Each structure stands twice: as C-alpha cells, then as structure tokens.
Amino acid sequence: MNLRQILTNSLNVLMMLFGVFMSYKAWGLYTNCESPLVVVLSESMEPAFARGDILFLSNPRKAIDIGEICVFKIPGREIPIVHRVIDRHDTPKEGKQLLLTKGDNNNVDDRGLYQELYTNRGMMWIEPKDIVGRVQGFLPYLGMFTIFMTDYPLLKYALLGGVGLIVFLYE
C-alpha cells in the first residue's frame, strides 16, 4: 500500500466520522435536544425500559405531563437520569413548572436525590430546565454494546483497532 492510498483511506474515514457527527448534531437541532440518543444504564425503569435499551429523545416546547418519561440532568452529576414524572406543580404567578420524578422500579421518589445534589437550595422538585429530553421511542438492548465498551476498555480499543486496520488494508 502506498502513501497515497493510506492518505485516501484516512481521509475517507475522517469524512465518514464527520458525517456521522454532523448528522447527530442536526438530529439534535431537529428534536430540540442536546442528546437525542441515550442508553439506559440501570434497572430503575424496569419493566418499561431495561438496562441497555437505547432511548430516542425530543424536547417539544410544551408543558410536561404526569406519566411522561423524561431524561434529566442535575448539576453535580455527570450521567443523566431516566425516570417518570409522578407529580407536577404549576406556579401561575412565576410561570414555573415543578416536577417530581421516580423510577418505575424504585420504592421512593427522587426527592432524596434532589436534596443530595442541591444541598444549598434544599430542592424538592426539578424544573423543565433540568430536562434533557422526553422519551419518544426505544430500541431494546442495542445499547449493551456501549455498556460493554465502557465496562471493558480493552474491548473498545480492540474493536477500534480492528476497524482501523480493516479500513487501512481495504483497497
């Protein structure tokens, strides 16, 4: 393989990666969601969603209803949480909406979680600004690949190396 073929293959791989990245960002703009795909990492939402399910999110500009499954992120926590809205309080004077969530497989609501993370403010609710997106659909268990690659970093490097080797050797 000569230098020109290596450079051409490298450029093709970079164009493919940029295309995937741009498509993902465009999908995020279309759905009004910074992260239109998430993987369920725990069993807290069983039986609705199992660990490893891929969730498709959107963030429509309408009030959040009780029973909706939302992905929310709380300051101080890196990983978003997927739980169902079980209570809602609207404050007409301020125009705010306050939400209480709970995992379907959990015994208690998430107030303890809110208080743990919002220690200075004593939060008992989350607000729509904390919502990353609302679940619109899912693919069962396809996210297990992501979980395995996170749990076993050597697998990730072996797969990336194998794909890279195939791309460079392909003529």
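Is Tyr141 buried or exposed? In this predicted model, Tyr141 is exposed, its relative accessible area being 53%. The residue belongs to the loop between β6 and α3 (144-151), and its backbone carries a positive phi near 65° although Tyr141 is a residue other than glycine. Most residues other than glycine have a negative phi, and most peptide bonds are trans. A positive phi also occurs at Asn32, where the value is about 60° and the residue is again not a glycine. Asn32 sits in the loop between α1 and β1 and counts as partly exposed, because its relative accessibility is 31%.

A further backbone feature concerns the peptide bond from Glu46 to Pro47, which is cis, with omega near 10°. Pro47 is placed in the loop between β1 and β2.

The structure holds two aromatic pairs. One of them joins Trp27 and Phe56; it is tilted, with 5.8 Å from centre to centre and 45° between the planes. Trp27 is in helix α1 (residues 3-31) and Phe56 in strand β2 (residues 54-58), so this pair ties together parts that are 29 residues apart in sequence. Trp27 counts as partly exposed, at 30% relative accessibility, and Phe56 likewise counts as partly exposed, at 24%.

Phe49 and Phe138 form an edge-to-face pair, because their ring planes stand at 75°, over the 60 degrees that this class requires; the ring centres are 5.1 Å apart. Phe49 lies in the loop between β1 (37-39) and β2, while Phe138 lies in strand β6 (residues 131-139), so the pair ties together parts that are 89 residues apart in sequence.

Attention now turns to a charged residue. Lys102 is found in strand β5 (residues 96-102). Lys102 is buried yet lacks a salt bridge. Asp104 is the nearest side chain of opposite charge, but it is 5.9 Å away, and a salt bridge would need a side-chain nitrogen of Lys or Arg within 4 Å of a carboxyl oxygen of Asp or Glu. A polar atom of the Lys102 side chain does, however, lie 2.7 Å from the backbone oxygen of Asn106. Leaving aside residues up to four places away in sequence, Lys102 touches Met45, His83, Arg84, Ile86, Asn107, Val108, Asp109 and Asp110.

Pro128 belongs to the loop between α2 (111-117) and β6. With a relative accessibility of 35%, Pro128 counts as partly exposed. Its contacts, not counting residues up to four places away in sequence, are with Ile64, Gln97 and Leu99. The C-alpha atoms of Pro128 and Ile6 are separated by 49 Å, and these residues are 122 apart along the chain.

According to an unreviewed UniProt entry, the annotation "transmembrane region" covers residues 6-24 and 154-170. In the model, the span of residues 6-24 is 100% helix and 0% strand, and its end C-alpha atoms lie 27 Å apart.

Methods
Residues numbered from 1 in each chain as written. Predicted model: local features only at pLDDT ≥ 70, side-chain atom pairs only at ≥ 80, totals over all residues. Heavy atoms only, no water. Helix = DSSP H or I, 4+ residues; strand = E, 2+ residues; numbered from the N terminus. Buried < 20%, exposed > 50% of the residue type's maximum accessible area, 1.4 Å probe, protein only. Lys, Arg positive; Asp, Glu negative; His and termini not counted. Polar contact = N/O pair within 3.5 Å; in protein donor to acceptor, adjacent residues only side chain to side chain. Contact = heavy atoms within 4.5 Å. UniProt positions renumbered as here; feature names shortened; annotations may be inferred. Phe/Tyr/Trp six-rings, centres within 6.5 Å; stacked < 30°, edge-to-face > 60°.
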